[in-house]
Amino acid sequence: MAAARVKLQHVNVKLMLKDPAVVDLEPLIPIFHSWISGRVFEEMLLDIADYRHVPAGPGVVLIGHEADYSVDNTGNHLGIRYNRKAALEGDSQDALRQAARAALTACKHLEEEPRLGGKLRFNGQEIEVFVNDRLVAPNSAATFEAVRPDLEPFAQKLFRGEKYSLTYDSGRDPRSLFSVALKSSRPFSTADLLQNLAS
Amino acid sequence: MKVSNSQWAAQLSGKMPEALAREIDVFETEIALRKQGKLDERLFAETRLRRGTYGQRYDNGQRHDGQKVQEMKYPSGELTKGPNTMWDAPGMQRIKIPGGGLNAEQLETMADLAEEYSDGIAHVTTRQDFQLHYIHIDDTPSLMRRLAAAGITTREACGNSVRNVTACPYAGVCPDETFDVTPYSRALSRFLLGHPDCQNFGRKFKPALSGCAQHACGLTSLHDVGYVAKRRTENGAEKIGFEMYVGGGLGAVPYMAKLFDSFVPPEEILPLTQAIARVFARLGEKKNRSRARIKFLIQDLGIEKFKELVLEERKILPFDPRWTEYITVALREQEAPLNPGGEWPSAASDAFKRWLKSNTRAQKQKGYVTATVALPLGDITSTQLRALADIVRRFTRETIRTTVEQNFALRWISQSDLPALYEALEAAKLGAPGAGSIVDIVACPGTDTCKLGISSSRGLAAELLKQLAEKSFEMDEAVENLHIKISGCFNSCGQHHVADLGFYGVSRKVAGYAVPHFQVVLGGEWEHNAGSYGLPVAAIPSKNIPQVVTRLTERYVSNRTNGETFKEFVKRIGKAELKTVLDDLARPPANDRSFFSDWGDPREYSLEDLGTGECAGEVVSSVEFDLAAAERELFEAQLAFEKGQIDKAGDGAYRSMVHAAKALVKIGYSTVSDNPDEIVSEFRTRYYDTQKFFDPFAGGKFAQYLFAAHEKSKEPRTPDSTRYLIDESQLFIDAAHACYNRLGTAVGV
């Protein structure tokens, strides 16, 4: 029997970074401040939370009303994370694409940011998708089966038909958020991925 | 905000205590009523505050971006959750943890909530609570239900209520304690929660219990009511009881608690606290919030009269079986170890040895230790909380306690488990050494998230932590054991008064620009339940504070006599000398723009002061000179106080306030005389009645310090009253600086 579909909400997308050891988080603080004052996104950006002192923590978080953006080091995996807080209209595909687009757009801004000296770059292949609501998506193999039908077309679109893997780590702490790792067979640029989503 | 909010009530039905479930249902209804405009915003504000749901910085819908104030247009428009507090603005949720006691499941719940509703971080406070930040109010009922299902309430975590009952986290295992105060703290907490006699206070009321007098863990001296465990012999029989203190408190002007009774039997602590609550509710100030804490009532009445009233009230209290029925049951519920006691490990690595030295303390039970999990700035991630829950299950009978130093205490650790425990903590990035040392810095949220923050206490703490951690391996042992505590403002949430090196945020105008500063407060005592308070020495630009720490600690190492504590050193050297040590740090270096922003925040600080017509480095007004003179006068008063010259100190402090008031009066009335009556009268008309002097949050509190001092200027002075006057004078002068800064924009002075 097929698993019941889950309508995804509160999707998080984390883009894993290339050479995380060379990334300095300090310049992110003035950069994020300039994003707030410059209103660079349609979403409402509010504040910055600096957790650089916490090992393997959320790093530097740009707090917003609809969503938070961060350069997040949870699990010692440095990545650009988009955490959708407000509910979205539409179906699960819409939720996945919106979160991916937002994360990629933030990533592109940071890749082009002179104050980071080109050191912060997406590795082009590894993306982790979380669902930040345990009632919507408990961390279980059943949830994976339920969301796979949405993740596959999303990944196909994102990686434009290239081969990819979709991995649910059943050995991961069951108390942690439900997440799935997406990995393409070849690297893409941020711009290409944004274009793929737009096409 | 969460789509699952509507489902949690049904999901957790039957898993929450009935009273808590009902309480949260009521709150949810109040939220709905407020959204429909059927509940007044002020009433709703107190309602949510009594559930621990706070406002946060920028929740008035405005944020200074470093150049100008920007409006934040939230989707809910003009809907508010309190006066000038926008509905959609993120807020802080405080979660009460009585005595700091938690189990593994509660840690896991906290982890889930931090991740789903906050930013993935849970913050341990200086009163053993948790705080989650950036919470949307629409999420709070679900959050509270999930807590309730785990046996935790947020009720009365804020508002004019009985706050978290704190207790020594080492109670029951400390070798120096008189007896275990845990059952009494739990009973007091349960008894006072929602008690009808505790619902009509003018301000908050904080109780604390300590197992001994000599250590800091309970901090009873700075609480509204404090109980210290005592033992005495009566008619040949040994009895246990409590030394009872009342009227302590930090806040803007710190008060040391006064002895109420040297021996209160256990069966009397609940009814006596109830009687105190009744007297406080009946006679405590209600209108003037700045005088509404019980410490002011006790000061006004005198301790003897207060005691008389409480004992009279005690006599007429109707009997309540809860006063004593907990005692027999509670005393049977002693915490026990999971594993048998063991031998002290033969340490392998240097890192393990360092951790053992700083983060473990022997228990009175042979073969066991308590291990401290040191949290940087009190912060812990959701992932770490889950790892800690696993550790708690693996090494204890599923218990852990938060501490007032914003850490965790793991009790009943078998010594033979220490290598495995350290390995597990290290794997979770929780094995940092230095608990209770100079790198274990306490800081309140400050300008990061608090509406009252003046300077960045967490930014400074993070910077000091980074710099001191680098030096810690070569640090002199005397320095290693010092305490640094930082508050973002005068309200003392970071407990700066009881640190060796304390700092609280103030602002100063330099060359026409506002510059973030910290007042340096030296010589407070953490030990002996916060045995004495430090006094301010100088206001120093934030960016120079790391140098202050370096200079003072180097001076201490080189000049201290054998075994001299930092407090004793400060007293011996004297404030005049210490101020000289810091003098050149008191002003920012010329042409260094970095001083005009705070630690961890690159925005230009208080840019409303960058009014047109002001030119850096050229304009030094007479007001600034007069305010500086007032500060000098106050400093001299402090020196006189140190020498025991009470009258001279009191008169000097009073004069410094009048001088600062005159500085402001002169802005519109340059020929004002030196007559204090005229100055105070003019100040009242020009600055108090017009509310120009009002602090955005404290209102007219600081002006009232001047009026009270003026009214009592001819009265005899006591050491206590003079000490308070000195602190009040400092706050008045700080407020005069702030007022002048605000006027800088308004009138271009």
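At what angle do helix H4 of chain B and helix H12 of chain B pack, and how far apart are their axes? Before the answer, some conventions. This is a predicted model, where local features need pLDDT of at least 70, side-chain atom pairs count only at pLDDT 80 or more, and totals for chains, interfaces and linings use all residues. Residues are numbered from 1 along each chain as its sequence is written, while chains are lettered from A and ligands numbered from 1 in the order in which they are written.

Now the helix pair. H4(B), residues 104-117, and H12(B), residues 382-395, pack at about 170°, with axes 8 Å apart. Axes here are lines fitted to C-alpha atoms over the stretch in contact, and angles run from 0 to 180 degrees between N-to-C directions. Helices are DSSP runs of H or I, at least four residues, and strands are runs of E, at least two, numbered from the N terminus. The two helices are therefore roughly antiparallel, a label for angles over 145 degrees.

On the H4(B) side, the contact includes B:Leu107, B:Met110 and B:Ala111; on the H12(B) side, it includes B:Leu385, B:Leu388 and B:Val392. Contact means C-beta atoms, placed from the backbone, within 7 Å. The contact residues are 9 nonpolar, 1 polar and 4 charged. Nonpolar covers Ala, Val, Leu, Ile, Met, Phe, Trp, Tyr, Cys and Pro; charged covers Asp, Glu, Lys and Arg; the others, Gly among them, are polar.

Next, the interface. In chain B, 35 residues contact 36 residues of chain A. H4(B) gives the largest share of the chain B side, 4 residues. By class, that side has 13 nonpolar, 10 polar and 12 charged residues.

How values were computed. Angles under 35 degrees count as roughly parallel, over 145 as roughly antiparallel, 65 to 115 as roughly perpendicular and the rest as oblique. Two residues are in contact if their C-beta atoms, placed from the backbone, lie within 7 Å.
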